[in-house]
Amino acid sequence: MERVMMKGNEALAEGAIRAGCRYFFGYPITPQNEIPEYMARRLPEVGGVFLQAESEVSAINMVYGAGGAGGRVLTSSSSPGISLKQEGISYIAGAQVPCVIVNVARGGPGLGGLNPSQSDYFQATKGGGHGDYRLLVYAPGNAQEMVDLIGLAFDKAEEYRNPVMILSDAIMGQMMEPVALPAMRTETTEKPWATTGKQGRSKPNIINSLGLVGEDLERINIELQAKYARLAAAEVRYETDGTGEADLIVVAYGTSSRVVRSAINRLRQEGKKVGLFRPITLWPFPKEALASLAAEGKRFLVVEMSAGQLVEDVILAVNDRAKVSFFGKLNGTVPTVREVYDRILSSLPEGGEG
Amino acid sequence: MGAKRITVITGPFGSGKTEVAVNYALEVNRSSKPVGLVDLDIVNPYFRSRELTKHLHEEGIDLVSTHPGLEMADLPALSPRIFSLLQNPDFQVIFDVGGDPVGARILGRFQPYFQANPYRLWLVINPYRPGYEDPERIAQLAREVEAASRLRISGIVDNSNLGKLTDRRIRAEGALLVQAAADRLQAPIVFRTCTNPAFLTEEEKEGKKKVFLLKLFMLPPWEKD
């Protein structure tokens, strides 16, 4: 059977297995539980290791260890659990260890609720943990992208020796769609830096993030920044739909982008010129692409399930060259197609605004 | 579709049992009232019939679910109203039971009522869900559900679909797999579901095979208004 029906969380888990992931460490939290549940069943079948740690803090440090030893390793959690992992993520970034971290985001702050939310955008893209570090952050927009982006995430994590985050949410994780699964990958990347024994070398490999002497830490940070610059130049991904002829461009990712697309299709049937700009990498952010659209005189509307986080990056990217409006939903609620439709209509130039 | 007072609808995680249960409750409600629909999913709080409480109530269907306000709580908490439905012989009661044997275990709690009342237990299968393309796996699941629930499966609901990619060929190929599982279990196919009359087979159009047209309710936000 070439296609199967999978929930986003399951698609992501199977996608990880087929990308060669053989280690999973995590701790339960709704709405991501299908991922560890799937991995608990599936990893032993392919000779991998699943371990439910005693806490998120333990889980992320197990990821640090397994990644340092060269394993393809995954952890997943949801918002409060991702907060707990931040110290470990900073260590992993500092030690340049590849791994993939999935956040199936829910409403916050605090314990929040189980509804979908996009209010972890700042945490994912601007740090979250301490120090000058960056994660490559992918935002899948459908079940197929769960499979495709998790595979890419493992490759990029190893290429750049950097943690990669998949920022999903409760709806993306729970909705079911047809997906085509890739073949199982078996090739492995050379990891001469991994802590797998000296193997005849005179010096041992050491994985740590310590820079006790000021000059050492400066050198480490310069190296990291050079890597982030390479990553930012090469790894930007986004999707555009009808932005060329549009009077108004709606910027949205993940669940919001699905609602926006439905609203845009309705407006197009009424002859309105509305485009969609969907960032697929949230960091590096597709700022050049947005800047050139702003230079063409486009207007922008940002739709997200937060009080306004993505909108800050859009404003920075267009840099006063275009009008940017914002529509956000709070409390873990998803905007309806009708709400977005109305909002786009009132943001259009002929809508009387501005 | 028969006159047993209690219908239990179960199936693997993501098989479409909630869509089947809601549609079936609406169908029964057209001919025989009153109808109670019990959302007994203790496995997962997303895409549940409890999201349709208002709509079902307007249709005259009594939806019994988690206590109001706790719909999105992580803890499974059963409503005592389930017992009042079971004890009222006037009610047609439809149970929507959560995924896999884990979800079916909860039925054991209502064992005395199932012993005292005629019931049907339907297993909803979508062979396009990973793993369930294998008839032996479906048969194995059926045995586990029976052991966990302490009930006997009386029929299989063929819910072969690939979401938006469903067509006649998808339904036909799925039907072969579900039929193979039903043969293994020596259980009848209760009906095959279909969301679009254009995908019906000639036999279904002529009434030679039982088909149940579904209206989808469990839609993601972008497929609603």
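**Entry 1: domains of chain A.** I note before anything else that this is a predicted model. I looked up the division of chain A and found domain 1 at residues 3-234 and domain 2 at 239-351, with their C-alpha centres 28 Å apart. The contact between the two draws 28 residues from domain 1 of chain A and 22 residues from domain 2 of chain A.

I then asked which elements give two or more residues to the side of domain 1 of chain A that touches domain 2 of chain A. They are helix H5 (121-125), strand S6 (136-138), strand S7 (163-169), helix H7 (170-174) and helix H8 (214-234) of chain A, and H5(A) gives the most, with four residues. By class, I recorded 15 nonpolar, 10 polar and three charged residues on this side of domain 1 of chain A.

**Entry 2: chain A against chain B.** Here the contact takes 26 residues from chain A and 19 residues from chain B. On the side of chain A that touches chain B, the elements giving two or more residues are strand S1 (3-7), H7, strand S8 (176-180), helix H9 (254-269) and helix H12 (337-347) of chain A. S1(A) gives the most to that side, with five residues, and I wrote down its class division as 14 nonpolar, six polar and six charged residues for the side of chain A.

**Entry 3: the sheet of chain B.** I followed an open sheet of eight strands in chain B, in the order S3-S2-S4-S1-S5-S6-S7-S8 and with parallel pairing. Strand S3 (61-64) and strand S8 (211-213) of chain B are at the edges and have a single partner strand each, so one side of each is left without a neighbour in the sheet. Ignoring direction, neighbouring strands of this sheet are turned by 25° against each other on average.

Looking at one pair, I found that strand S1 (residues 6-10) and strand S5 (residues 119-125) of chain B run parallel and are joined by five bridges, and that B:Thr7 stands opposite B:Arg120 in S5(B). Helix H1 (residues 17-31) of chain B lies across strands that include S1, S4 and S8 of chain B, and runs at about 170° to S4(B).

**Entry 4: H6 and H7 of chain B.** The axes of helix H6 (residues 135-149) and helix H7 (residues 168-185) of chain B come within 8 Å and cross at roughly 50°, which makes H6(B) oblique to H7(B). The crossing is right-handed. From H6(B) the contact uses B:Pro135, B:Ile138, B:Ala139 and B:Ala142, and from H7(B) it uses B:Leu177, B:Ala180, B:Ala181, B:Arg184 and B:Leu185; I recorded eight nonpolar, no polar and one charged residues.

**Entry 5: H1 and H2 of chain A.** Helix H1 (residues 8-18) and helix H2 (residues 34-45) of chain A pack at about 40° with their axes 8 Å apart, and are therefore oblique to each other. H1(A) also passes H2(A) in a right-handed crossing. Among the residues making the contact are A:Glu10 and A:Ile17 of H1(A) and A:Tyr38 and A:Arg42 of H2(A), and the contact divides into six nonpolar, one polar and three charged residues.

How values were computed:
Residues numbered from 1 in each chain as written. Chains lettered and ligands numbered in written order. Predicted model: local features only at pLDDT ≥ 70, side-chain atom pairs only at ≥ 80, totals over all residues. Axes fitted to C-alpha atoms, helices over the stretch in contact; angles between N-to-C directions. Parallel < 35°, antiparallel > 145°, perpendicular 65-115°, else oblique. Left-handed = near helix turned anticlockwise from the far one by under 90°. Contact = placed C-beta atoms within 7 Å. Nonpolar A, V, L, I, M, F, W, Y, C, P; charged D, E, K, R; others polar. Domains from an automatic or database assignment. Pairing = 2+ DSSP bridges.
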